[in-house]
Amino acid sequence: MPYFCEIKKRLNEIKEKDEIIILAIETSCDETSAAVVKNGRIVLSNKISSQAELHRHYGGVVPEIASRKHVEAINPIIDEAMNEAGIGFDRLDGIGVTYGPGLVGALLVGLSTAKALAYALSLPLVGVDHIEGHISANYISHPELEPPFLCLVVSGGHTHLVWVKNYGDYKVVGMTRDDAAGEAFDKVARVLGLPYPGGPSIDSVAKKGNAQAIQFPRAYIDEDHFDFSFSGLKTAVINYLHNLKQRNEAYRIEDVAASFQQAVVDVLVSKTIKAAARFGLSKIAIAGGVAANSALRNCMSLQAQKHGYELFYPQPVFCTDNAAMIGCAAYYNLIHGKADDLYLNVEPSFSKITARYPQK
Ligand SMILES: Nc1ncnc2c1ncn2[C@@H]1O[C@H](COP(=O)(O)OP(=O)(O)OP(=O)(O)O)[C@@H](O)[C@H]1O
Ligand SMILES: [Mg+2]
């Protein structure tokens, strides 16, 4: 039977099934990951091969090296994920894969692999938006969580405040106008001489610092919109260090890291709490690599409790890039009949989560 006829049959069968198992693949940046996820929220395996050690040498991700490493790692990581899940390929109901946004070469490795598997196994292919994946990580860590809720997506490339109206229905209520929060962490860490990736380095060093030592700017904190800006903060840290160095004055890296981190956290928390009130939402979630930040978690928890919001955040392993979150998002797409054909291409710089509310 031709592939598309098989898929039509499969999609009809899926409507009747109680147990849907998805093999998911994530290769958008420098993590090669494969996961097996049951019914969207039960993670049977989640294997991640990180290239961080390799890119540390260059102070950031080198796209061509990332693609080549994905090619080496992808098949073994899929085998590991299937073995750990303890199931054969015949038990799968679909293949989920990140198709964007991300690095073009890196995405192509994951998508080509997913297409080959989908075709060979006659399974539906489900292309997943990476940002939808990050948001979905919350469903894994909190099986009781259902939309609607407000989600602060803070990752290496994105800082979005998203009103999750329903599965697959997103409205952006605010976003960064320049650098993403994770990008600011990475750039400031580099200036401070801390290792890549900068976020975890700053998080750990800041624990020994005084967050009130230096008053760095908190852009837009009092303005009546939910957009962010972190590029001025990054420049303020660079200028602060430059001035001290020129005067041959010493500084404590711990204090600079803690004060920078506090400036980021204050803006993120303040805007999120105000947006939840503005849009009448009682649940707040955070997602993306920066959601693993201890100061952000602590501060958001305190403020959410103070203002009466329920707060959700993923376990650290589901904050940074992983295939389990892609499997979760793929499940909700699949049960809503959203599968892709084999012409699906990568979308390096497009996310479907762009629609603004209110429309501008
Ligand atoms: N504990 C932490 N504190 C602050 N930032 C962190 C922490 N852990 C990770 N990060 C940051 O999170 C980012 C990586 O997150 P993630 O993997 O979600 O981003 P990405 O996939 O590169 O970007 P995107 O998801 O926007 O495409 C990096 O910028 C990293 O420094
Ligand atoms: Mg990511």
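Student: Where is Pro197 found?

Tutor: Pro197 sits in the loop between helix H6 (181-191) and helix H7 (198-206). Helices here are DSSP runs of H or I with at least four residues, and strands are runs of E with at least two, numbered from the N terminus. Before we go on: this is a predicted model, in which local features need pLDDT of at least 70 and side-chain atom pairs count only at pLDDT 80 or more, while totals for chains, interfaces and linings use all residues. Residues are numbered from 1 along each chain as its sequence is written, chains are lettered from A and ligands numbered from 1 in the order written, and side-chain values use heavy atoms, without hydrogens and water.

Student: What kind of peptide bond joins Tyr196 and Pro197?

Tutor: That bond is cis, with omega about -5°. The bond from Gly100 to Pro101 is cis as well, with omega near -10°. Pro101 lies in the loop between strand S4 (94-100) and helix H4 (104-121).

Student: Why are His130 and His134 separated by about one helical turn?

Tutor: Because they are four residues apart in helix H5.

Student: Why is the pair Arg91 and Glu19 called a salt bridge?

Tutor: The term asks for a side-chain nitrogen of Lys or Arg within 4 Å of a carboxyl oxygen of Asp or Glu. The closest N and O atoms of Arg91 and Glu19 are 3.1 Å apart, so the pair qualifies. Arg91 is in the loop between helix H3 (63-85) and S4, and Glu19 in the loop between helix H1 (3-16) and strand S1 (21-26), so the pair ties together parts 72 residues apart in sequence. The structure holds 20 salt bridges.

Student: How many salt bridges cross the interface of domain 1 and domain 2?

Tutor: The rule finds zero there. It does find four residue pairs in polar contact, both residues at pLDDT 80 or more. A polar contact is a pair of N or O atoms within 3.5 Å; within protein, one must be able to donate a hydrogen and the other to accept it, and residues adjacent in sequence count only if both atoms are side-chain atoms.

Student: Which residues make up the two domains?

Tutor: Domain 1 is 3-135 + 320-335 and domain 2 is 147-316, with bounds from an automatic or database domain assignment. Their contact (heavy atoms within 4.5 Å) takes 16 residues from domain 1 and 18 residues from domain 2.

Student: How much area do domain 1 and domain 2 bury between them?

Tutor: About 1300 Å², 67% of it on carbon and sulfur atoms. Buried area is the accessible area (1.4 Å probe) that two parts lose on being put together, summed over both. Ile131, His134 and Ile135 supply 39% of the area that domain 1 buries against domain 2, more than any other three residues.
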